[in-house]
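Open the model in your viewer and follow the stops below in order. Each stop says what to select and what is there.

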Amino acid sequence: MVSRMGRRTNLAPYLFLLPAVVLMLVFVYIPVIESFRFSLFKWNSFSPEWTWVGLGNYRKLLPDPIFWQSIGNNIWYAIISVAIQVFLALMLAALLESHAVGRRLSTFFRTSLFLPAVLAITIVGVTWQMLYRPDTGLINQVLHVVGLDSWTRAWLGEERTAIFSVIAVSQWQSLGYLMVLLIVAIRAVPRELYEAARIDGAGIWRQFRDVTVPGVRETTLVLVIITVVGAFKVFDVVWVMTAGGPNHASEVLGTFLYRTAFRDDEMGYASAIATMLFFITFALAAVQLWAGRSGKDA
Amino acid sequence: MANVKPAASATWSLPRVRSHPEAASPLMRWSVIVLFGVFTVVSLYPMIWLLTNSFKTDFDLFEASWALPEVWHWENYRRAWDFGIARYLINSVLVTTVSVSLTVTVSLMAAYALSRFRFRGQTAFLFFILGGLMLAPEVSLLPLFRILQQLGIYNTYLAMILPYVAFGIPFVTFLMRSYIMGLPRELEEAAYIDGAGPLGVLRNVIVPLSRPIIASAALIEAMRVWNEFMFALTFISSEDLKTLPIGIMSFVSALQTEWTVVMAALVLSALPMIVLFLATQRQYIEGLTAGAIKG
């Protein structure tokens with residue numbers, strides 16, 4: 001069949017691929033390459049002439065404290081997101097799948113925890129801005145009522161708490177989403193393994209440790225990497241809630257790039273940030289491929 | 001999972017609680033209920049808070065924002081609607097529908113080529129398309145901005161649609177390719193013997209068989225495009241063309257002090273996706289997991 005198809009339709013696969021390839025070339029790959037080239041010049045959106053600066057933008061970027069502040073915040077984003085969205089989510093998924101509660105109740109819990117994930121980021125961001133507001137926000141109002149007045153603060157307005165307040169919102173939005181992915185992974189673990197463990201007298205915790213965790217190892221690994229890469233790509237929630245402020249305290253690479261390009265109009269410098277972001281996410285994705293492969297060998 | 005014995009699948013369909021007697025111990029059961037009760041409250045309460053406060057006056061909001069409104073101010077919704085939310089909604093529906101249809105069509109063709117033909121450069125094409133999964137959209141942002149200007153489509157619907165499609169292709173093609181590879185080939189063989197060409201086979205055999213994955217992929221893409229923020233923020237400048245996520249930002253800055261009207265606008269913006277999700281939950285989650293587990 002292959003040979004017949006091969007002879008009769010040798011052009012067909014290329015024609016079928018053509019639209020996808022053209023679109024990706026023009027709107028994905030050429031821009032990435034352009035970004036490298038852009039980073040070697042000093043230019044802005046109005047300048048008719050570009051000044052060649054070679055690696056000048058990178059020499060300026062590496063000692064820039066905002067760059068390191070951003071990377072530090074991206075790293076916090078990654079650490080907290082992995083802890084909550086992967087590891088806490090895994091424990092919650094295992095608990096829901098342990099059938100400690102009936103199916104209807106567990107479906108209700110699952111749907112409730114998932115629901116924030118379908119909301120647009122601006123809806124989430126603005127809602128939480130209101131919840132965090134010093135005067136009318138629910139969080140300070142509750143702290144006030146329970147007598148913890150000293151804990152109240154301008155959550156998004158103080159340098160110490162801004163980034164963590166934003167990170168918390170991301171956890172709120174994505175915990176249920178990853179929990180659902182992990183539930184499906186747990187369902188793919190053969191039932192017999194659980195039965196065998198129970199016959200050996202394993203309780204809930206040992207079943208989790210000895211059956212569930214090894215059974216979902218590969219999925220967990222993939223989710224860790226997706227979450228870490230996602231933490232370095234984050235832009236929208238930070239931009240909506242704090243725009244990187246106050247005083248760059250909650251800046252991440254995405255907001256730093258956007259501000260540099262479209263507020264400060266330093267296009268070459270912004271392209272250098274984009275290139276650094278490319279190498280970081282590319283390296284993390286390469287780790288994913290490598291880890292995925294060695295996971296299958298094991 | 002394919003060769004599950006009949007006996008095993010019979011157990012599977014029993015109420016699962018019964019097959020795990022020790023899991024049903026009351027202490028365990030109630031601990032899980034309390035734990036998930038807390039998570040459910042944390043998860044849902046901000047949305048409920050938004051909903052109840054959207055019916056208040058700003059003055060009530062300052063008092064005790066957890067209380068139910070004493071008078072339900074439906075006029076907040078009237079005002080939010082009059083402010084022009086309909087325009088953003090229409091833009092979002094339009095951009096989402098066109099982007100998703102294009103992404104699905106283009107990706108289905110690509111997935112068909114990659115899974116059912118053998119040709120020179122096949123692996124290279126596969127890597128070319130799936131490689132897009134590894135790229136952060138931020139990296140392309142600035143050059144895209146210029147390319148769209150040079151193509152003369154900056155600040156048009158196409159400035160959103162074309163990048164959305166291009167960035168959607170890798171994931172959707174990936175989903176569809178693994179699905180098509182799992183389909184039996186007999187029907188295609190029969191169609192070829194009956195004299196059908198590759199396009200006929202795609203239309204009359206592959207598309208009908210791929211309905212479930214088309215639906216899942218379309219839903220996932222619809223949610224992604226509907227909620228997309230960065231491209232819409234950067235490639236659109238006219239108020240008339242803004243989609244909901246960006247329109248909300250205009251709202252917030254225009255209605256700055258009228259918090260409860262902003263809240264009504266947020267509720268109106270959130271409703272379509274919540275309804276769509278609750279209606280299509282199963283399909284959506286199946287599609288998601290098909291992608292994530294194999295990824």
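Select chain B and chain A together: they bury about 9700 Å² between them, 79% of it on carbon and sulfur atoms. Buried area is the accessible area (1.4 Å probe) that two parts lose on being put together, summed over both. Now pick Phe36(B), Met134(B) and Leu142(B), which supply 8% of the area that chain B buries against chain A, more than any other three residues.

This is a predicted model, in which local features need pLDDT of at least 70 and side-chain atom pairs count only at pLDDT 80 or more, while totals for chains, interfaces and linings use all residues. Residues are numbered from 1 along each chain as its sequence is written, chains are lettered from A and ligands numbered from 1 in the order in which they are written, and side-chain values use heavy atoms, with hydrogens and water left out.

Stay at the interface. In contact (heavy atoms within 4.5 Å) are 105 residues of chain B and 105 residues of chain A.

Next, the aromatic rings. Rings of Phe, Tyr and Trp (its six-membered ring) pair if their centres lie within 6.5 Å; planes under 30 degrees apart count as stacked, over 60 as edge-to-face and the rest as tilted. By this rule there are 44 aromatic pairs over all chains. Select Phe256(A) and Tyr269(A): their ring centres are 6.4 Å apart and their planes at 90°, so the pair is edge-to-face.

Finally, select Phe235(A), Trp239(A), Tyr258(A), Phe262(A), Phe145(B), Tyr154(B) and Phe229(B), which form one aromatic cluster.
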